Amino acid sequence: MQDLIVEEMNRIVDDYFHVTDLNEFLKVCIQEKVIEKSIWSDITINCHLMLGGSSPSINRIAANMELIILALDMIDDLQDRDNPDKPWMKYPNEFTLNAIIAFLMASVSELSSISELSRDIPNPLMGEISRLITTSINGQQRDLNDSI
């Protein structure tokens with residue numbers, strides 16, 4: 001993950017979350033994603049460029065994709081309990097749940113803001129992102145009830 005994307009993710013956390021312990025916890029979660037060498041922002045940027053995109057907001061968009069994926073990974077770990085060494089598994093469940101909600105809501109707000117200001121994200125895309133998140137939640141439920 002590019003340093004610019006990590007900086008953008010941290011900026012989002014600083015802009016939205018002023019409670020010190022929450023802000024610090026969110027940044028610990030981001031740092032864990034950096035260590036994992038997540039590629040979602042690279043995929044976002046490269047697909048954008050391959051399709052002829054030239055959005056000045058692409059790094060903001062890519063950072064938000066990383067935050068959404070991070071939140072979904074945290075949900076999976078919290079429910080499956082199969083990654084006990086992750087930092088979010090060492091915090092109380094209610095803190096982790098709050099961090100998940102924080103990442104998702106900040107990302108939705110950021111992406112909506114980008115869409116309104118620059119039209120880099122068409123409104124139907126916001127619906128598509130939400131639909132993909134709900135698809136992920138449906139898949140997670142199937143995992144939880146062993147119906148995969």
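User: Is Phe-103 buried or exposed, and what is its relative accessible area?

Analyst: This is a predicted model, and the values that follow are computed from it. Phe-103 is found in helix 6, which spans residues 93-118. A residue counts as buried when its relative accessible area is under 20%. Phe-103 is therefore buried, with a relative accessible area of 1%.

User: Which residues does Phe-103 touch, not counting those up to four places away in sequence?

Analyst: Contact here requires heavy atoms within 4.5 Å. With residues up to four places away in sequence not counted, the residues that Phe-103 touches are Val-13, Leu-26, Cys-29, Ile-30, Leu-67, Leu-70, Ala-71 and Met-74.

User: What separates the C-alpha atoms of Phe-103 and Glu-7?

Analyst: Along the chain, Phe-103 and Glu-7 are 96 residues apart.

User: How are helix 1 and helix 2 oriented, roughly parallel or roughly antiparallel?

Analyst: The axes of helix 1 (residues 3-16) and helix 2 come within 10 Å and cross at roughly 160°. Angles over 145 degrees count as roughly antiparallel. Helix 1 is therefore, relative to helix 2, roughly antiparallel.

User: Is Glu-32 buried or exposed, and which residues does it touch beyond four places in sequence?

Analyst: Glu-32 lies in helix 2. Its relative accessible area is 17%, so Glu-32 is buried, given that the cut-off is under 20%. Not counting residues up to four places away in sequence, Glu-32 touches Lys-86, Pro-87 and Trp-88.

User: What is the relative accessible area of Phe-25?

Analyst: Phe-25 is found in helix 2, which covers residues 20-35. Leaving aside neighbours within four places in sequence, Phe-25 is in contact with Pro-87, Trp-88, Tyr-91, Phe-95, Thr-96 and Ala-99. Phe-25 is buried, and its relative accessible area is 2%.

User: How far apart are the C-alpha atoms of Phe-25 and Leu-144?

Analyst: Phe-25 and Leu-144 are 119 residues apart along the chain. The separation between their C-alpha atoms is 26 Å.

Notes
Residues are numbered from 1 along each chain as its sequence is written. This is a predicted model: local features need pLDDT of at least 70, side-chain atom pairs count only at pLDDT 80 or more; totals for chains, interfaces and linings use all residues. Side-chain values use heavy atoms; hydrogens and water are left out. Helices (H or I, at least four residues) and strands (E, at least two) are DSSP runs, numbered from the N terminus. Buried means under 20% relative accessible area, exposed over 50%, partly exposed in between (1.4 Å probe, protein chains only). Axes are lines fitted to C-alpha atoms, for helices over the stretch in contact, and angles run from 0 to 180 degrees between N-to-C directions. Angles under 35 degrees count as roughly parallel, over 145 as roughly antiparallel, 65 to 115 as roughly perpendicular and the rest as oblique.
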